[in-house]
Amino acid sequence: MTTVTLDASHDTMDAIYNTLQRELDLPAHFGRNLDALWDALTMEVPFPVEILWKDHASVKVKLGQDYDRLLTTLQDVENEREDFLLTLA
């Protein structure tokens, strides 16, 4: 299983997209939006993945509504894929 760790330093959507794109080897055409993230995580990432999101509560303040939308997207992927795990720490 590949584990991608997000933490308090991931306080912008760009920082989150950069890490996910790098760590999950998302394609160059990855659109860097939540729809593109959904597509990539449900159709293009062929291996088991865990997103370990440390200090997520502190990031919530900085991201605002983007936090809620991102969290919902990741939870929806977790419900869609048996080999995807979202861990909030």
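What follows is a short exchange about a helix and some charged side chains.

This is a predicted model in which local features need pLDDT of at least 70 and side-chain atom pairs count only at pLDDT 80 or more, while totals for chains, interfaces and linings use all residues. Residues are numbered from 1 along each chain as its sequence is written, and side-chain values use heavy atoms, with hydrogens and water left out.

Student: Within what arc do the buried residues of H3 fall, seen down its axis?
Tutor: Helix H3 (residues 56-63) has His-56, Val-59 and Leu-63 as its buried residues, where buried means under 20% relative accessible area, exposed over 50% and partly exposed in between, with a 1.4 Å probe and protein chains only. Helices are DSSP runs (H or I, at least four residues), as are strands (E, at least two), numbered from the N terminus. The buried residues line one face of H3, because seen down the axis, with directions taken to the C-beta atoms, they fall within an arc of 55°.

Student: How far apart in the chain are Asp-11 and Lys-62?
Tutor: Their side chains meet in a salt bridge of 3.4 Å, N to O. Asp-11 sits in the loop between strand S1 (2-6) and H1, whereas Lys-62 belongs to helix H3, and the pair thus links distant parts of the chain, 51 residues apart.

Terms used: Salt bridge = Lys/Arg side-chain N within 4 Å of Asp/Glu carboxyl O.
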